[in-house]
Amino acid sequence: MKQNGLFITFEGPEGAGKTTVISKLYDRLKAENKEVVLTREPGGIQIAEKIRTVILDTDNIEMDAKTEALLYAAARRQHLVEKVIPALNSGSIVLCDRFIDSSLAYQGYARGLGIDEVLQINQFAIENTMPDLTVFFDISPAEGLLRIARNNEREMNRLDKENISFHEKVYEGYHELIQRYPNRIIKTDARLPEKDVIENVWRIVRPRLM
């Protein structure tokens, strides 16, 4: 489905610091006069943002794991057809905070639905649109959750409130995906000071722009 652009996604455990770094990367690309779109999942457009609200609402603790996986896939589909694919077709660089790997790690591995099973659901949603590059922000679940606890400005969502064993499974799931897709998913040490993480991510992304 996609043609001329560059699709870069960013993944990691809760509290990995992706959002801040992606924003800085966006600013740097704009300063180089690149056509760049910054977005997120679930969300990025009106319909998907409404689905995000349902998924992350702390009142929805009874949500079934398959319902959760299907809601993410639905939000992903609408986001792709309405925002991501048009941007890629126009030749833009798309920076997306989370994409399919989140579903594979969170619902496929940590929820126990199966990576391949959740991949199949998402293949129906995304067809052949996969990231050209995925940057994984590597930080232990315990350290990431501690960052969240220290950040008074960050609103706690339903996934933040899962127990530590769930987040450890998510982390294991991501490393399973890194082994499965070593040419696409590149790790960066998210424990480093913010400025160092920004520079390391830039070094990963910059060669893909050439």
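Start at Glu68. Set aside the neighbours within four places in sequence, and Glu68 is in contact with Met63, Gln107, Arg111, Arg158 and Leu159. Contact here means heavy atoms within 4.5 Å. Glu68 sits in helix α3. Helices are DSSP runs of H or I with at least four residues, strands are runs of E with at least two, and both are numbered from the N terminus. Is Glu68 buried or exposed? Glu68 has 1% relative accessibility, so it counts as buried. The cut-offs: buried is under 20% relative accessible area, exposed is over 50%, and partly exposed is in between, with a 1.4 Å probe and protein chains only.

A word on the source. This is a predicted model, where local features need pLDDT of at least 70 and side-chain atom pairs count only at pLDDT 80 or more, while totals for chains, interfaces and linings use all residues. Residues are numbered from 1 along each chain as its sequence is written, and side-chain values use heavy atoms, with hydrogens and water left out.

Now the core. The largest nonpolar core has 35 residues. Such a core is a set of buried Ala, Val, Leu, Ile, Met, Phe, Trp, Tyr and Cys residues joined through side-chain atoms within 4.5 Å. Which members touch the most others? They are Phe7, Leu104, Tyr106, Val170, Tyr174 and Leu177. At least two residues each come from α2 (46-56), α3, β3 (93-97), α4 (100-110), α5 and α7 (164-180). Helix α3 gives the largest share, eight residues. Another core lies apart from this one, with 23 residues, including Ile8, Val21, Ile93 and Leu95.

Look at Tyr106 for a moment. Beyond four places in sequence, Tyr106 contacts Gly12, Pro13, Glu14, Arg98, Arg111, Leu159, Phe166, Val170 and Tyr174.

Ser102 is in helix α4. At 7% relative accessibility, Ser102 is buried. Leaving out residues up to four places away in sequence, Ser102 touches Glu11, Gln107 and Tyr174.

On to helix packing. Axes are lines fitted to C-alpha atoms, for helices over the stretch in contact, and angles run from 0 to 180 degrees between N-to-C directions.

First pair: α3 and α5. Helix α3 spans residues 65-89 and α5 spans residues 115-126; their axes come within 9 Å and cross at roughly 25 degrees. The two helices are therefore roughly parallel to each other. Under 35 degrees counts as roughly parallel, over 145 as roughly antiparallel, 65 to 115 as roughly perpendicular, and the rest as oblique. The crossing of α3 past α5 is right-handed. From α3, the contact uses Leu70, Ala73, Arg76, Arg77 and Leu80; from α5, Ile121, Asn122, Ala125 and Ile126. By class, that is six nonpolar, one polar and two charged residues. Ala, Val, Leu, Ile, Met, Phe, Trp, Tyr, Cys and Pro count as nonpolar, Asp, Glu, Lys and Arg as charged, and the others, Gly among them, as polar.

Next: α4 and α5. Their axes are 8 Å apart, at an angle of about 145 degrees. Helix α4 also passes α5 in a right-handed crossing. Ile100, Ser103, Leu104, Gln107, Gly108 and Tyr109 of α4 meet Ile115, Val118, Leu119, Asn122 and Ile126 of α5. The tally is seven nonpolar, four polar and no charged residues.

Then α6 and α7. Helix α6 covers residues 141-150, and its axis comes within 9 Å of the α7 axis, crossing at roughly 120 degrees. That makes α6 oblique to α7. The crossing is right-handed here. Pro141, Ala142 and Leu145 of α6 meet Ile164, His167, Glu168 and Tyr171 of α7. Five of these residues are nonpolar, one is polar and one is charged.

Last, the backbone. Most residues other than glycine have a negative phi, and most peptide bonds are trans. Where is the cis bond? It runs from Glu41 to Pro42, with omega near -15 degrees. Pro42 is in the loop between β2 (36-40) and α2.

Arg98 has a positive phi, near 80 degrees. Arg98 lies in the loop between β3 and α4, and is buried at 12% relative accessible area. Glu127 has a positive phi too, about 55 degrees. Glu127 is in the loop between α5 and β4 (133-138), and is partly exposed at 38%.

Methods. Left-handed = near helix turned anticlockwise from the far one by under 90°.
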